[in-house]
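Work through the exercises below with the sequence and the model open. Try each task before reading its solution.

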Amino acid sequence: MTEPLVRPRRKNPLKRTRLPLRPQGVRSRAAHGLTAAAAEGRFALQVCLDCNTVIYPPRDACPSCLSARLPFRDVARGGTLVAETTVRTTTDPYFRERTPWRVGTVKLDAGPVVVAHLHGDAVEGGRVRLELKLDKSGSAVAIALPEKDTENMADDRYLREMTCDPKFRRVLITDGRTTVGQAMAQAFSDAGAAIVFVGLADPWKPFPGMAGLRKIERVEIVPLDVTDSESVTELAEQNGARIDIVVNTAEHVRAGGVVDRHGLTIAREEIDVRYLGLLRLAQAFGPILRSRGADGVNSAAAFVNLLSVHALMNWPAYGSYSATEAACLSAAQCMRAELRPGGVKVVNVFFGPLETEWFQTVPPPKVTLAVLANAVVRALQHGLEDVFVGDVAEDIRQRLAVNPKALEREMAN
Amino acid sequence: MGVLMTVDLMAFARAVASGDIRVIDLTQTLSQEFPTIVLPPELGQCAPFRMEEVSRYDERGPAWYWNNVSLGEHTGTHFDAPIHWISGKDLPNNAVDTINVAQFIAPAVVIDCSKECAADPDFALTIPFVEQWEARHGEIEPRSWVLLRTDWSKHAYTDYAGLRDDGAHTPGPEPAVVKWFVEQRDVHGFGTETIGTDFGQGQHFNPPYPAHFFMHGKGRFGLQCLTNLDLLPPKGAIIIAAPLKIKQGSGSPLRVLALVAGGNV
Amino acid sequence: MQRKSYEGAVACLPVTIPYRRYSTNSAQWWLGRALHELIKRAGLRLKDIDGFAVSSFTVGPDTAVGLTQHFGLSPRWLDHIPLGGASGIVALRRAARAVQAGDADIVACVAGDTNHVDSFRKMLSTFSRFAQDAVYPYGSGGANASFALITKHYMNSYGAKREDFAKICIAQRDNAMSIPHAMMKKKLTLDEYMSARPIADPIHLFDCVMPCAGAEAFVVCREDVAKSLNLPSVRILSTIERHNAFPNDPMQIRGGWELDIDELWSMAALRPKDVDFVQTYDDYPVISMMQFEDLGFCPKGAGPDFVRSHTLTNDGTFPHNTSGGQLSVGQAGAAGGFLGLVEAMRQLTSQPLGSQVPNANACLVSGFGMINYDRGLSSCAAVLARAA
């Protein structure tokens, strides 16, 4: 039975902040196949193409037939927890601070034996289901959950260490002016965030959703203009220490290609809002997030980028926009490495066209605001790092994996 | 050729230094928070004022502090040249770098409608209103700036742009009075405290945006986002308004100064 | 095919360099001390050593060949044996074959490790690829956590109790009381054992060996060479070795000995009750209990009963780990894999460091180790006898 999480009391300002530590994240290349699966919330192990043996730990030759054809495939998660132990002494600084720590041996229905972290409700001798999660080092680990959901399951202390659950955390939605920003504010409020800061620029420019925003529970409107370095720095200076999750909703969507859209002023706005805006947020909030990665129940947890899936493959109808999104994706990958020492995740949420005004003429399927907002919340609750929302994004992901060049041609038509 | 008059410029300088001639700043500070003109989203927009610090006595530059700034030609307190509008596009010397520099110094009349504007943001300046002003202060001299004092610069930034769901609601001139200014009074240019020289709902006039259309169409100038007009006399102030010498520029942010005669306060 | 006997090859010169808890010296230093002691006691010169086998976890970045230049050796037979607790018996059987074939005449077998304040932590985090990928990130409990799982499973499967493991540890501590360099010299009581600090449930403090610095060594040569050097020696009646036995067992409840044990006894022409003492590899008491089963002293699952019905001290009904084993003396890294063998040689040549097992004429020594992922991969055993 998991003890429900208690809303943390106000931080004692005289107490030193605990510095982030990480478990060992070194892995062989083959083992990073698990990292790829964990980033997307999949449970995948190597399955020998030649003899169908399911293999663990990951390796370079099949232990049944020595084949080297060992792709990662989704496999059944179910198994039995054969034995468990509780580690009470360890030389590793990360785990030393966190003992007692339960681990166990799971015999998977799919075949292999997996040493895994144990959810508090996983019982020795009982049925479990395994999940792959990214631990604070950013590498994948297996955790055994009870076969059926239990009460307050997400509040389990090990699970919370591997996820970025918004519950009791303080979130910054960087731009509340857009419908996306407003949907995010509602979704995070519903997910139990302690405060939802919503940034607004140009207070002299009214917009339709303003009244609705103010009505959302636990929303606090703050001045924030991602195109203004001073504005971003000031918000971080004043509130950075009590923001645990940043969700960058600042958007700039305009149709038009690189050759055929006349002039550069829109491109400059795209770069300033999206790419430089991201850099401003990264420089202003990155260091404080990174230093608070182990700061209790409401530790700093994540930086969420909302990215067009066309960051991965340019869509010429929205060609300049795609290119800017690609720049943001690369910057996010850099941020991932820079924030990892603090155990802070950079979450990239990819989507195709949205049901918003600047995609008005694009035919369906398009992603609705509610679906996008819920996908972001869910990604944080599950500790995912790479998320594809909606049919178009999933379609592009699959095509890209098989033949990028064909996709390049398909996007142009 | 005429008689050569000796003008004592040093006396002018001494008078400025001593305060016998007061220098009044009619310029808003360029800052990130200052509202800019907002056009329909699918059109090109005016760049807002932004600053990026280059160094501040730190590892990026140990003994100095400086910034790179970015802004549009029409950001903040700024000057409009005739080339800015379609009606003035073919006139000679119509850009900020080709206007005769003597035209950057000119007298100004200040028409006060601040009380009317306080009651109604959609106050439109009309010919009768100006004729009433002239009855009290005398006719507007040729090649004078006409500055419309609305006290709009005293509004907080949140109200300054006057934006509602059908656009801006800020005071400005009707088409007839602008045409009259140019044809009957040979004015130098038109200046306002609001964003733009035109009435907030000026897109619905005929012609739309008459202040721009008629002024620039006749090679006259515009000044906007002015402040401190309430410190100026109705007549007699001299305006110095010299825009940046931008190649074929349509306008530029600038320092607008008013020289006013009168002893130390 | 019948395996060849070890006729003609013997082991002699049991050497122990007294252990220290922490040492600032390198592994090379400790190995050098052991080699030096071998040569001094045998009255040999360096160039007489024409075979060299070494085992060490902390000698990196060197391997055996780097040590030949380091120590001034020019051997014609060289082996680096990175098998932890199985190193001693594996070194013995390889050296014996070399000597029988004439590939080498005098083989020095040396194992040793240093123990800096961070040696243990560093070793755990880089022990093997599978440990790095699939064990260390899970609580970093090291071998203690891995063997805790094995112990728990064994207890669940066969009803072993902590008290049964206690008996093994307590008897070993008694056997160690007279060993000068033992890390743990005090008598251990049942109360102390049961109330000891938990390490990883169900393993507690006295189930764990103490890592330390030290070295063990011996020489393998022909019987006539040992006689000419006036060195008492020990005959090798049989040996077995196996790695990654039973990969389909979900958890380790048996070691590879089970596969080859019949061959060990038949080659030695002895039965389990014919040996006078047994040295098991005791990284954890559960593994000693498994060895009692897998080496043929009792059926699988009867380990707890076997322990309950025997006394394991040197003067008991089943003398076991006669110098106290690693659990009392300490584990000097890979030297732990030589400890049982070296102590067996002392007992069989009547020159024990501590108490002498009465009528010590034949024994079984067992090795085990290399927990690569979730189980010890290597197992081996040897039946030795007093030289005629």
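**Exercise 1. Sort the residues of β14(A) by the side to which they point, and state their burial.**

Step 1. K345(A), V347(A), V349(A) and F351(A) point one way from β14(A). V346(A), N348(A) and F350(A) point the other way. In a regular strand, side chains alternate between the two faces of the sheet.

Step 2. All of these residues are buried. Buried means 20 or more other C-beta atoms within 10 Å of the residue's own, exposed means 12 or fewer, and partly exposed lies in between; C-beta atoms are placed from the backbone.

Step 3. Strand β14 covers residues 345–351 of chain A, and 7 of its 7 residues are buried, so the strand is largely enclosed by the rest of the structure. Strands are DSSP runs (E, at least two residues) and helices are H or I runs of at least four, numbered from the N terminus.

Conventions: the model is predicted; local features need pLDDT of at least 70, side-chain atom pairs count only at pLDDT 80 or more, and totals for chains, interfaces and linings use all residues. Residues are numbered from 1 along each chain as its sequence is written, while chains are lettered from A and ligands numbered from 1 in the order in which they are written.

**Exercise 2. Which strands does β14(A) pair with, and how many bridges join them?**

Step 1. Take β13(A), residues 302–308: 7 bridges join it to β14(A), and the two run parallel. Pairing requires at least two DSSP bridges. F303(A) stands opposite V346(A).

Step 2. Follow the chain. It leaves β13(A), passes through helix α8 (residues 319–339) and reaches β14(A) in a right-handed β-α-β crossover. Right-handed means that, with the strands pointing away from the viewer, the path from the first strand over the helix to the second runs clockwise.

Step 3. Take β15(A), residues 386–389: 4 bridges join it to β14(A), again in parallel. V349(A) stands opposite V387(A).

Step 4. Assign the hand of the next unit. β14(A), helix α9 (residues 369–382) and β15(A) make a left-handed β-α-β unit.

**Exercise 3. Describe the side of chain B that touches chain A.**

Step 1. Count residues. The contact takes 12 from chain B and 12 from chain A. Contact means C-beta atoms, placed from the backbone, within 7 Å.

Step 2. Find the elements. β2 (50–58), α4 (157–160) and β8 (163–164) of chain B each give two or more residues. α4(B) gives the most, with 3 residues.

Terms used
Contact = placed C-beta atoms within 7 Å.
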